[in-house]
Amino acid sequence: MKTKFILALILTATLAFAASRSAVCETVSGADANASEPKTEAIAAEEKAKLEKAEAEKKASEARKREAAEKARSLERARQVLYYVNIERKKRGKKPLKISDRCQRKAEARAKAICRRFNHKGAFGGLGCYRWKAENIARGQKSPRAVVRAWMRSKGHRKNMMSGKFDYMGVGYCRGRWVQTLGGGKTRVWGKNKPKKIVHRRPKKKKVKIRR
(Lines give C-alpha, C1' and ligand atoms only; values in the text may rest on other atoms or scores of the structure.)
Protein backbone atom coordinates (compact mmCIF):
# COMPACT_ATOMS: atom_id res chain seq x y z
CA MET A 1 0.00 0.00 0.00
CA LYS A 2 2.78 2.37 0.94
CA THR A 3 4.55 1.64 -2.32
CA LYS A 4 1.42 2.40 -4.36
CA PHE A 5 0.91 5.65 -2.43
CA ILE A 6 4.50 6.77 -3.08
CA LEU A 7 4.20 5.96 -6.78
CA ALA A 8 0.97 7.95 -6.96
CA LEU A 9 2.67 10.99 -5.38
CA ILE A 10 5.62 10.79 -7.78
CA LEU A 11 3.26 10.56 -10.79
CA THR A 12 1.24 13.54 -9.56
CA ALA A 13 4.38 15.65 -9.06
CA THR A 14 5.68 14.72 -12.53
CA LEU A 15 2.40 15.70 -14.19
CA ALA A 16 2.29 19.02 -12.31
CA PHE A 17 5.86 19.81 -13.32
CA ALA A 18 5.12 19.00 -16.99
CA ALA A 19 2.01 21.17 -16.93
CA SER A 20 3.87 24.15 -15.44
CA ARG A 21 6.69 23.79 -17.99
CA SER A 22 4.18 23.74 -20.84
CA ALA A 23 2.51 26.91 -19.50
CA VAL A 24 5.88 28.69 -19.29
CA CYS A 25 6.73 27.71 -22.89
CA GLU A 26 3.35 28.96 -24.11
CA THR A 27 3.87 32.29 -22.30
CA VAL A 28 7.32 32.76 -23.83
CA SER A 29 6.13 31.89 -27.34
CA GLY A 30 3.18 34.27 -26.95
CA ALA A 31 5.53 37.08 -25.92
CA ASP A 32 7.76 36.37 -28.92
CA ALA A 33 4.77 36.51 -31.24
CA ASN A 34 3.66 39.84 -29.79
CA ALA A 35 7.18 41.24 -30.17
CA SER A 36 7.40 40.13 -33.81
CA GLU A 37 4.14 41.84 -34.79
CA PRO A 38 5.55 45.43 -34.81
CA LYS A 39 8.60 44.23 -36.77
CA THR A 40 6.35 42.63 -39.38
CA GLU A 41 4.27 45.83 -39.69
CA ALA A 42 7.41 47.96 -40.07
CA ILE A 43 8.76 45.68 -42.80
CA ALA A 44 5.41 45.77 -44.61
CA ALA A 45 5.31 49.59 -44.42
CA GLU A 46 8.86 49.83 -45.76
CA GLU A 47 8.09 47.49 -48.66
CA LYS A 48 4.93 49.48 -49.46
CA ALA A 49 6.93 52.73 -49.51
CA LYS A 50 9.49 51.14 -51.86
CA LEU A 51 6.76 49.95 -54.20
CA GLU A 52 5.11 53.39 -54.23
CA LYS A 53 8.45 55.07 -54.97
CA ALA A 54 9.18 52.63 -57.80
CA GLU A 55 5.70 53.23 -59.24
CA ALA A 56 6.15 57.00 -59.09
CA GLU A 57 9.55 56.76 -60.80
CA LYS A 58 8.06 54.55 -63.50
CA LYS A 59 5.25 57.04 -64.16
CA ALA A 60 7.72 59.95 -64.29
CA SER A 61 9.93 58.03 -66.71
CA GLU A 62 6.96 57.25 -68.95
CA ALA A 63 5.90 60.92 -68.87
CA ARG A 64 9.40 62.02 -69.89
CA LYS A 65 9.41 59.51 -72.75
CA ARG A 66 6.02 60.73 -73.97
CA GLU A 67 7.17 64.35 -73.79
CA ALA A 68 10.38 63.57 -75.70
CA ALA A 69 8.42 61.67 -78.35
CA GLU A 70 5.95 64.54 -78.72
CA LYS A 71 8.79 67.06 -79.10
CA ALA A 72 10.42 64.88 -81.74
CA ARG A 73 7.13 64.65 -83.67
CA SER A 74 6.59 68.40 -83.37
CA LEU A 75 10.09 69.18 -84.64
CA GLU A 76 9.73 66.76 -87.56
CA ARG A 77 6.39 68.40 -88.45
CA ALA A 78 8.06 71.83 -88.33
CA ARG A 79 10.86 70.65 -90.63
CA GLN A 80 8.34 69.39 -93.17
CA VAL A 81 6.50 72.72 -93.15
CA LEU A 82 9.83 74.53 -93.45
CA TYR A 83 10.73 72.40 -96.49
CA TYR A 84 7.58 73.39 -98.41
CA VAL A 85 7.78 77.04 -97.32
CA ASN A 86 11.39 77.34 -98.54
CA ILE A 87 10.42 75.82 -101.91
CA GLU A 88 7.90 78.64 -102.38
CA ARG A 89 10.40 81.26 -101.18
CA LYS A 90 13.04 79.97 -103.58
CA LYS A 91 10.60 80.39 -106.50
CA ARG A 92 10.30 84.07 -105.56
CA GLY A 93 14.01 84.64 -104.98
CA LYS A 94 13.75 84.91 -101.18
CA LYS A 95 16.32 83.64 -98.67
CA PRO A 96 15.40 80.37 -96.94
CA LEU A 97 14.04 80.42 -93.41
CA LYS A 98 15.44 78.46 -90.47
CA ILE A 99 13.82 76.97 -87.37
CA SER A 100 14.75 78.80 -84.15
CA ASP A 101 14.22 77.44 -80.65
CA ARG A 102 12.40 80.59 -79.56
CA CYS A 103 9.94 80.52 -82.48
CA GLN A 104 9.41 76.78 -82.10
CA ARG A 105 8.64 77.01 -78.38
CA LYS A 106 6.27 79.91 -79.00
CA ALA A 107 4.48 78.07 -81.82
CA GLU A 108 3.99 74.95 -79.67
CA ALA A 109 2.58 77.06 -76.82
CA ARG A 110 0.28 78.93 -79.19
CA ALA A 111 -0.99 75.66 -80.70
CA LYS A 112 -2.22 74.56 -77.26
CA ALA A 113 -3.83 77.98 -76.77
CA ILE A 114 -5.76 77.97 -80.07
CA CYS A 115 -7.11 74.51 -79.25
CA ARG A 116 -9.20 76.35 -76.66
CA ARG A 117 -9.81 79.59 -78.56
CA PHE A 118 -8.98 80.03 -82.25
CA ASN A 119 -7.63 83.58 -82.49
CA HIS A 120 -4.40 85.62 -82.55
CA LYS A 121 -4.61 86.84 -78.95
CA GLY A 122 -1.20 86.57 -77.27
CA ALA A 123 0.57 85.84 -80.55
CA PHE A 124 3.74 87.81 -79.91
CA GLY A 125 4.43 87.41 -76.20
CA GLY A 126 7.96 86.14 -75.67
CA LEU A 127 9.20 87.25 -79.10
CA GLY A 128 10.50 90.65 -78.03
CA CYS A 129 14.00 89.92 -79.31
CA TYR A 130 12.72 90.09 -82.92
CA ARG A 131 12.11 93.40 -84.64
CA TRP A 132 9.54 91.87 -86.99
CA LYS A 133 7.02 89.23 -85.97
CA ALA A 134 4.09 87.47 -87.62
CA GLU A 135 1.77 84.53 -87.03
CA ASN A 136 -0.21 82.30 -89.37
CA ILE A 137 -2.89 79.95 -88.04
CA ALA A 138 -5.07 77.35 -89.76
CA ARG A 139 -7.29 74.40 -88.91
CA GLY A 140 -8.55 71.27 -90.61
CA GLN A 141 -5.48 70.45 -92.72
CA LYS A 142 -4.13 66.92 -92.32
CA SER A 143 -0.52 67.35 -93.43
CA PRO A 144 2.29 69.95 -93.54
CA ARG A 145 2.00 70.18 -97.31
CA ALA A 146 -1.74 70.82 -97.11
CA VAL A 147 -1.39 73.61 -94.56
CA VAL A 148 1.32 75.37 -96.62
CA ARG A 149 -0.94 75.19 -99.66
CA ALA A 150 -3.80 76.69 -97.65
CA TRP A 151 -1.61 79.56 -96.42
CA MET A 152 -0.32 80.18 -99.95
CA ARG A 153 -3.89 80.59 -101.21
CA SER A 154 -4.52 83.34 -98.63
CA LYS A 155 -3.08 86.77 -99.48
CA GLY A 156 -2.26 87.77 -95.90
CA HIS A 157 -0.73 84.44 -94.91
CA ARG A 158 1.27 84.26 -98.16
CA LYS A 159 2.62 87.76 -97.55
CA ASN A 160 3.88 86.74 -94.10
CA MET A 161 5.59 83.59 -95.35
CA MET A 162 7.21 85.25 -98.39
CA SER A 163 8.38 88.42 -96.61
CA GLY A 164 12.10 89.11 -96.76
CA LYS A 165 12.03 90.55 -93.24
CA PHE A 166 11.86 87.13 -91.60
CA ASP A 167 14.78 84.81 -90.91
CA TYR A 168 13.28 82.23 -88.53
CA MET A 169 10.10 80.27 -88.00
CA GLY A 170 8.51 77.60 -85.83
CA VAL A 171 5.45 75.38 -86.22
CA GLY A 172 3.02 74.11 -83.61
CA TYR A 173 0.18 71.60 -83.99
CA CYS A 174 -2.68 70.56 -81.71
CA ARG A 175 -5.76 68.53 -82.69
CA GLY A 176 -6.01 69.80 -86.27
CA ARG A 177 -4.90 73.37 -85.45
CA TRP A 178 -1.69 74.73 -86.98
CA VAL A 179 0.43 77.71 -85.91
CA GLN A 180 3.36 79.22 -87.76
CA THR A 181 5.43 81.78 -85.86
CA LEU A 182 7.79 84.03 -87.85
CA GLY A 183 10.54 86.31 -86.55
CA GLY A 184 13.30 88.42 -88.01
CA GLY A 185 15.74 91.25 -87.31
CA LYS A 186 17.11 90.51 -83.85
CA THR A 187 17.37 93.68 -81.78
CA ARG A 188 17.75 92.84 -78.09
CA VAL A 189 20.26 90.01 -77.99
CA TRP A 190 22.95 91.73 -75.94
CA GLY A 191 24.10 89.05 -73.52
CA LYS A 192 27.10 90.25 -71.49
CA ASN A 193 27.37 93.45 -73.59
CA LYS A 194 24.00 94.75 -72.49
CA PRO A 195 24.22 98.55 -72.15
CA LYS A 196 24.11 99.97 -68.68
CA LYS A 197 21.11 101.96 -67.59
CA ILE A 198 21.85 105.68 -67.66
CA VAL A 199 20.61 107.57 -64.64
CA HIS A 200 20.33 111.32 -65.01
CA ARG A 201 20.99 113.21 -61.79
CA ARG A 202 20.65 116.87 -61.10
CA PRO A 203 23.96 118.62 -60.57
CA LYS A 204 24.70 119.49 -56.99
CA LYS A 205 24.59 123.17 -56.12
CA LYS A 206 27.90 124.54 -54.99
CA LYS A 207 27.86 126.26 -51.66
CA VAL A 208 29.18 129.81 -51.91
CA LYS A 209 31.20 130.95 -48.91
CA ILE A 210 30.68 134.56 -47.99
CA ARG A 211 33.76 136.28 -46.72
CA ARG A 212 33.32 138.90 -44.05
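Begin by selecting Glu135, which counts as buried because its relative accessibility is 6%, where buried means under 20% relative accessible area, exposed over 50% and partly exposed in between, with a 1.4 Å probe and protein chains only. This is a predicted model, in which local features need pLDDT of at least 70 and side-chain atom pairs count only at pLDDT 80 or more, while totals for chains, interfaces and linings use all residues. Residues are numbered from 1 along each chain as its sequence is written, and side-chain values use heavy atoms, with hydrogens and water left out.

Glu135 lies in strand E2 (residues 130–139); helices (H or I, at least four residues) and strands (E, at least two) are DSSP runs, numbered from the N terminus. Now show the side chains of Arg110 and His120: Glu135 makes a side-chain polar contact of 2.7 Å with Arg110, and another of 2.7 Å with His120. A polar contact is a pair of N or O atoms within 3.5 Å; within protein, one must be able to donate a hydrogen and the other to accept it, and residues adjacent in sequence count only if both atoms are side-chain atoms.

Next, select Met161 in helix H4 (residues 155–162), a residue that is buried, with a relative accessible area of 0%. Leaving out residues up to four places away in sequence, Met161 touches several others, including Val85, Leu97, Trp151 and Gln180, where contact means heavy atoms within 4.5 Å.
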